[in-house]
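User: Can you walk me through this model? I'd like to begin with how the chains meet.

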Amino acid sequence: MPEKRFKYLSKEWADEVARRCKKTLTPEKMKNITSSMITIYNKCPDGKSRAVYYKLVKGVVETVSIVEGKLPQAEFSITSDYEVFAKISRAELKARAALMSGKMVLKGNLVKALTLSPTVDRLNEVIATIPTEY
Amino acid sequence: MPKKRLSKDDPYFVDNPKRVKAVQKQMAEHGIDVYLGSRLRTVSWIADVFCPWRTYVVIPPEGLPTVVTFVIDAARACDESWLDEEHVIGYGPMGGQDQVALLSMLMKPYLKGGKGVIGMETGMGNYLPEGHLTLFEFVMLKAAMPKATFKNAHDIIDRLSLIKDEGTINRFREASRQVDVGHREVLAAIKNGGFQKMTETEIAGLAAYAMRKAGSEWEWSFTGGNEIASGYRTGLAAGACTPASRRKLKAGDPLMVDLHAMFKLGLGDHSHNYFLGKATKRQMWHAKNFVDLMKQVLITYRAGITPTKLADEMLAFAEERGFQDYLVPGFEHGIGMMGDEWRIGLNNGPFQYWTNPDHVYRKNEMLICAVQYACPEENIGFRYENPILIKERNCEAMSRFPLSVNIV
């Protein structure tokens with residue numbers, strides 16, 4: 001039976017991200033952090049913009065949700081084109097390289113963002129394991 | 001909310017929020033919607049922390065300022081500043097986190113419809129780390145906020161920081177005490193022939209170690225830290241800048257020791273002069289000229305006098321004694337918290353960004369009394385520097401190491 005593939009940025013994909021994160025990422029691995037992040041995808045294939053909202057509480061990935069329209073408040077926001085995020089999700093591009101080359105725009109305290117970047121890398125590594133249809 | 005503040009009873013207490021409010025009042029009076037400080041002196045005076053990397057401070061019309069510094073130093077700067085981590089942030093080479101992106105993000109909310117007036121700090125200086133806004137920074141910020149008007153506004157900070165408060169004065173006193181510790185250590189090391197086989201850099205280093213042990217944070221001067229000159233280097237024509245060299249000290253040489261210590265951004269700066277082992281009659285004549293002159297200078301500084309008036313009196317004294325040819329005709333330079341050096345007072349003199357020679361000193365201004373005596377043809381010279389506090393009828397010389405030219 002072929003492995004199930006999830007449509008990128010669909011509710012099912014977000015639920016799968018949350019499920020795998022909870023299963024794989026222990027609070028210790030996530031440094032017990034409490035924070036929130038929103039990734040804003042511009043130029044999606046349908047021409048729209050949408051976002052993914054992540055909420056971590058004491059190292060547990062509590063929320064992963066797809067947002068269209070009004071964006072919730074988050075400690076960090078990262079904005080880029082759909083294709084850049086897709087490359088990161090496919091593990092073809094490192095988030096740090098995208099930030100350093102100006103392909104992504106980060107809003108939020110840079111000192112804290114740098115401190116948290118290894119934990120975000122872990123999150124991206126989990127996302128990269130999800131069979132995804134882009 | 002601000003996190004760390006010295007108690008009002010602390011001798012080094014500075015009321016930082018009061019400073020910010022005073023700037024904001026001036027901003028309102030000058031029609032400035034948001035102030036962008038980029039000079040080291042402004043950052044020191046507002047944030048009360050040493051920021052060695054390119055740093056900016058954004059002052060809104062009300063509320064707390066935000067310091068924007070290089071990300072590698074932001075956490076340390078925040079740790080030492082009175083401002084919290086929301087108001088000390090780092091910039092770096094990342095999308096949305098470069099200097100222009102962060103500064104425009106911080107300033108735009110105060111520019112209604114993108115329009116408004118940004119106070120900036122531009123100009124010219126002989127002091128390398130002054131920190132005026134660069135042309136590139138200006139062009140990029142203007143591109144990011146095209147409808148905004150940029151107005152040179154550094155006079156606001158210069159005016160407010162001119163008269164020193166008690167906490168700042170006490171910081172200078174402590175830094176000067178540390179410098180005196182350095183001088184005592186140098187004297188102990190070079191006396192009784194101890195100077196033999198020593199180099200200028202060694203003198204600079206042993207003084208630095210002694211001052212650090214006494215609590216100094218840095219030999220703050222950009223002129224190479226502690227300046228040491230021996231032999232002909234003491235008398236370089238019109239010279240008053242001698243980073244220590246590897247020159248070996250020799251008997252019969254003059255030696256000039258100019259030490260710098262920093263305490264909570266207050267600056268110690270004092271020079272002392274020696275003859276190594278022996279001195280000729282002619283050398284002693286020069287030394288007496290210098291010491292007598294300095295005594296005159298130090299009893300002349302007071303509120304109401306101007307640089308020109310003081311120079312006229314001192315040059316007349318030198319002429320009467322026949323050593324006017326050896327005197328570099330300047331007797332002071334400006335000083336304030338770290339980054340505020342050289343120009344005295346406001347930028348209102350006949351030469352832009354130089355001291356106004358007719359500046360009238362007021363009570364609780366501080367300056368570095370700075371005199372250079374140089375006789376290149378005889379390979380001899382002396383330097384005097386000392387932070388002084390202007391008082392109503394006299395001045396307080398902060399370093400107390402006795403004025404003399406010692407034979408050691």
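Analyst: 12 residues of chain A are in contact with 13 residues of chain B. Contact means that the C-beta atoms of two residues, placed from the backbone, lie within 7 Å. This is a predicted model: local features need pLDDT of at least 70, side-chain atom pairs count only at pLDDT 80 or more, and totals for chains, interfaces and linings use all residues. Residues are numbered from 1 along each chain as its sequence is written, while chains are lettered from A and ligands numbered from 1 in the order in which they are written.

User: Which elements of chain A supply at least two residues each to the side that touches chain B?

Analyst: Helix H3 (95-100), strand S6 (105-107) and helix H4 (110-128) of chain A. Helices (H or I, at least four residues) and strands (E, at least two) are DSSP runs, numbered from the N terminus.

User: And how do the residues on that side of chain A divide?

Analyst: Into 8 nonpolar, 2 polar and 2 charged. Ala, Val, Leu, Ile, Met, Phe, Trp, Tyr, Cys and Pro count as nonpolar, Asp, Glu, Lys and Arg as charged, and the others, Gly among them, as polar.

User: Chain A itself. What's in it?

Analyst: There are 4 helices and 7 strands in chain A. From the N terminus, the order is β-α-β-β-β-β-α-α-β-α-β. Its C-alpha atoms fill a box of roughly 40 × 35 × 30 Å along the principal axes.

User: What is its radius of gyration?

Analyst: 14 Å for chain A, which agrees with the value near 14 Å for a compact globule of 134 residues. The radius is taken over C-alpha atoms, and the globule rule is 2.2 Å times the number of residues to the power 0.38.

User: How much of chain A is buried?

Analyst: Buried residues make up 31% of the 134 in chain A. A residue is buried if 20 or more other C-beta atoms lie within 10 Å of its own, exposed if 12 or fewer, and partly exposed in between, with C-beta atoms placed from the backbone.

User: How do H4(B) and H5(B) pack?

Analyst: Helix H4 (residues 99-107) and helix H5 (residues 135-144) of chain B pack at an angle of about 50 degrees, with their axes 10 Å apart. Axes are lines fitted to C-alpha atoms, for helices over the stretch in contact, and angles run from 0 to 180 degrees between N-to-C directions. That makes H4(B) oblique to H5(B). Angles under 35 degrees count as roughly parallel, over 145 as roughly antiparallel, 65 to 115 as roughly perpendicular and the rest as oblique.

User: Which residues meet there?

Analyst: Val100(B), Leu103(B) and Ser104(B) in H4(B) meet Met140(B), Leu141(B) and Ala144(B) in H5(B). That contact divides into 5 nonpolar, 1 polar and no charged residues.

User: Is Asp48(B) buried or exposed?

Analyst: Asp48(B) is buried, with 22 other C-beta atoms within 10 Å.
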